[in-house]
Amino acid sequence: MDVKHLAQNLHPLERKLLPFLRQRSTLPELAKASGMQDVEVMRALQWLSNKQAITLTQEEKEQLVLGNNGKLYLKQGLPERRFLNALAKGPLPVKEAMQKAKLDINELNICLGLLRKKNAVSLVKEKELIASLTQEGKKLTEAELPEEAFLRKAFPLITIEPKDKSISDELLKRKDIIRLEKATLWTAEPTTLGKDLLSLNLESFSALDRLTPDLLQAGKWKGKAFREYDLTSKVPSVYGGKRHFVSQAIDYVRSIWLEMGFTELTGPLVQTAFWDLDALFVPQDHPARQMQDTFFIDGKGKLPKIADEVRKAHESGHSTGSKGWGGKWDAEAAKQLMLITHDTYLSAQVLSQAKTLPIKTFQIMKVFRNEALDWKHLFEFYQVGGIVVDESVTFCHLLGYLKQFFQKMGFEKIRIRPAHFPYVEPGCEVEVFHPEKKQWIELGGAGVFRPEVVKPLLGKEVPVLAWGLGLERILADYYKITDLRDIYRNDIRQLKETRYWMRCPR
Amino acid sequence: MPTITLNRKVLEAAIGKKLAEDQLKERISMLGTDLESVTKDEIIVEIFPNRPDLLSDSGFARTFKSFLGAETGLKEYKITKSKHKLIIDPSVKDVRPWSACAIVTGLKLDDEKIRELIQIQEKLHITFGRNRKKVAIGIYPLESIQMPITFKALAPQQIKFHALEGKGVQSAAEILETHPAGKAYGHLLEGKARYPVFVDAKGSILSMPPVINSHDTGKVTEKTKEVFIECSGFDYSAQAKCLNMIVTALADMGGSIHAMEIEAYGKKLVSPDLRPEEMPITIAYVNKILGLALKESDLKPLLERMGYGYEKGKAKIPAYRADILHPIDLVEDIAIAYGFENFTEELPAVATIGKEQGISILKRKISEILAGLGFLECATLHLTSKETQNEKMLAKEHLIPLLNAVNQEYNVLPAWAVPALMDIFHRNRQHEYPQHLFTFLTTFAKGQSETGITEVQKLVVGIADEKADYTKAKQVLDYLLRMLGKDCAIEKAAHPSFIPGRVAKILIGNKDAGLIGELHPKVLENWQLIMPVSVFEIDVNLLL
């Protein structure tokens, strides 16, 4: 590179540091000599190295840093200094000297040991233990302890002089006065190009740095060159406010169903067992009801008028053409409050209020399962549910909607396999093929509502296509999240870094 | 969901062919069962609760074989009449009123078959039997039983026998207290004045259902060739179904089924009854639901593939199927036989206009406005704890508890949203400040509704920063409301979570819409925060 061009375009930080780069120097040395901050020196060194004006080498080193007690003792004095001072005016009981020197019991024990080793104190057992200074000790009250001199050095210390070795070893044994840390030691040395640069009179190669309102107003920029930037160097990150990635995905899912002409629904998260289970023809002795996977809430809700039709369907099938579950349907059990286990209950409510067909509704809601929280289980998660009600719709149409939806979600290959849910027949599980894991992943259930569900609620038997799909697994796949809990961890760094949800039609 | 473990070699022998692993996996999935794992020796399959008849090696093999097309159609089982009899004494009427029973002979049991027998019994107990409440199954070696058998109820103190694998002859009370089965199922007899027992002609107790068999007369070993089987419970049709599943499985294992006479409440029944039930099915109905154009003549082969018979518009349902309530159930099996993979996806010509909920639009707009101010949205879970909602907040909100939460840290519903945000600040206390966050959360309180609980959608916004104060929070609130074309009034309030004199109620159109203020240092201390925090919480519906 042309050295003049280089000189012309130096950054102010480089310009400031250069005079100190005449010989091989370490980063701390440069910071001290130039009066610049470590980060400033580092940035200037990186740039100069990019321009091949210096060679920058890094070395993993151990360095000594001051610990919390070390910093404290620098202000208050070492325990042994305080103890010496406490005894300066004459012998004292050890306890009293300890109080006077503001030592705790550990500090006392350590400094007693040290001072006796230096032969600076003597202890006499009278009524209580009395400490007094020896001749040696008296001398020490006037003189600096080698440990004190050591602590006043400029930390972090990278090289320890041989004469200090024993002192630092002793201090390292004590509680958090100094400690060894791994550190990277940066060393810079001018290259030939760098030396050429240094031989120039840098003052004469100036260029404008920042464009300022001042320069503009006075027109001082005219006829002058601007310093050229190193355009490839890294710039600090910035972050904006944004919608959570779960909400972004939900917004997208919502837009898919809206495009297909569906009406959105919402509803409460607490429901009676009637709407969550009975209205969907889940038998009252179904394992899901007794099993631990439902969150129950103390209290009973009201049953709608239609409950009697549902009762008849459960007990005998009534006019649905079914045998029913037999036995007696218990209205009290149906009033039990619970957190919704699926959002399909809204579909049941829609049927019970329907006036005209066709109906196409969907909802995206939190649903709850009483499970232990771990990397693949959440006790609350989103479900994307919906129904299509019309005389003309069939199982093939159900598959059509599911295929459309998953295609828009970015899954080309889906599989529908038979599965059982008490309220649909035929029932199926929707799976997508995971190209990396090479296996099918279950994403939710779907099916055609049973006549025992539809007729009591709607008053007639009409095909109802229904689905309830999980969202978190799709999210985990998109964001390469392996632990489902991470979706709700709200780690600010993660939230700032997570990319936007985006699927574009091909 | 229950799983069964199948011996791969036995299954392959039963279906008469070896399938490549991929094909095996695919076919098992497309039958409507879920393959959990497959190794050289074992296949583990998940069975949906509607198909208890698949919970045995034999039951699964029979259905799978037919589905593969190897041996289709309704399988006939021969039943020989026997002279043996079960008498159901009226004394069991209020305790456990029914039992279905049968005898199976000609069994050649080995370790593998005993494993299978135990598996059938255990899986049916858990699933179809609802943990023995609905159906309890007993299997006994016939040789030690003197016919006829009586099913009767006795006062607990009259019952003494040696329970299977138990500690010698014990009283009913001792068995319920000390025997593992007694501890597990004793609750099913709780509060009964008399307990049901099967007793043979010699007066020996065979078992005390639904708890335990006798050690002397109720233990099946490799030497057992003939067995007496009973299924007891409350609804004869359920007991009979369960018995059918067991005897057909045993017959598939090489046994011969013998019928018994049951004398019950002045009536006589013959058990088991394996006659297929008939259900009418029309091709029009099948096509309407499935969207196919099948012909009448397609019905027979499709139904036969799933183990049914078909004749003149009627399906003949195998006696071991417990899940066929309605012709729709036949439609599903026809769809499975047709193959889910063979359907063509279609979109119907049902034209409708999409409609979004106002609250969804509003939440999106609020997020846009706040993101414009540099706020990050968080996604929070609803379930929380008293510690989070009240203790750390120094608050006394009325919380709605969950009755049976597995996680003790998540066992109440939130009454307000600020604590959820404080929890997030706490989790991020090592990160860079300032932190500007918001989230949406539903809160719960007792109130007037169908459930007696009212739910409110809340927005909570918080700033954690050296300079966070009431003014900063109020500026954000004002901007948000201005952008939404809303207005609010502020009314001084008292709240233990906030610094006195720095907390206020937000009123929108005279309605209490939420609160705004600076968190009390004691609360910040409880959350281990060394940064001031100011927040506001507002009812989203009032911003619509």
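This is a predicted model: local features need pLDDT of at least 70, side-chain atom pairs count only at pLDDT 80 or more; totals for chains, interfaces and linings use all residues.

Trainee: Okay, how many residues of chain A are in contact with chain B?

Mentor: On the chain A side there are 92, and they meet 82 residues of chain B. The area buried between the two chains is about 7400 Å², and carbon and sulfur atoms give 60% of that.

Trainee: Which residues in chain A lose the most area to chain B?

Mentor: Those are P418(A), E425(A) and I492(A). Together they make up 9% of what that side buries.

Trainee: And how many salt bridges across the interface?

Mentor: The rule finds 7 between chain A and chain B. One of the salt bridges joins R254(A) to E356(B); the closest N and O atoms of that pair are 3.9 Å apart. With a cut-off of 4 Å, that distance of 3.9 Å counts.

Trainee: What about polar contacts, how many residue pairs?

Mentor: The count is 42 residue pairs between chain A and chain B, with both residues at pLDDT 80 or more.

Trainee: Which helix gives the largest share of chain A's side?

Mentor: Helix α20 of chain A, residues 395–408, with 8 residues. As for the make-up of the chain A side that touches chain B, 37 residues are nonpolar, 27 polar and 28 charged.

Trainee: Switching topic: what's the strand order in the open sheet of 7 strands in chain B?

Mentor: The order runs β19-β22-β23-β27-β26-β25-β24, and the pairing is mixed. At the edges sit β19 (376–377) and β24 (489–492) of chain B, each pairing on one side only.

Trainee: Do β23 and β27 of chain B pair in the parallel or the antiparallel sense?

Mentor: Antiparallel, over 7 bridges, with β23 covering residues 453–464 and β27 covering 533–539 of chain B.

Trainee: Nice. And the open sheet of 3 strands in chain A, what order is that?

Mentor: That order is β1-β6-β2, with antiparallel pairing. The edge strands are β1 (25–26) and β2 (54–66) of chain A. β1(A) pairs with β6 (residues 178–190) of chain A over 2 bridges, and T26(A) stands opposite T187(A) in β6(A).

Trainee: Which helix packs on that sheet?

Mentor: Helix α11 of chain A, residues 165–173, which touches β2 and β6 of chain A. The direction of α11 makes about 135° with that of β6(A).

Technical notes:
Residues are numbered from 1 along each chain as its sequence is written. Chains are lettered from A and ligands numbered from 1 in the order in which they are written. Side-chain values use heavy atoms; hydrogens and water are left out. Two strands pair if DSSP finds at least two bridges between them. Helices (H or I, at least four residues) and strands (E, at least two) are DSSP runs, numbered from the N terminus. Contact means heavy atoms within 4.5 Å. Axes are lines fitted to C-alpha atoms, for helices over the stretch in contact, and angles run from 0 to 180 degrees between N-to-C directions. Buried area is the accessible area (1.4 Å probe) that two parts lose on being put together, summed over both. A salt bridge is a side-chain nitrogen of Lys or Arg within 4 Å of a carboxyl oxygen of Asp or Glu. A polar contact is a pair of N or O atoms within 3.5 Å; within protein, one must be able to donate a hydrogen and the other to accept it, and residues adjacent in sequence count only if both atoms are side-chain atoms. Ala, Val, Leu, Ile, Met, Phe, Trp, Tyr, Cys and Pro count as nonpolar, Asp, Glu, Lys and Arg as charged, and the others, Gly among them, as polar.
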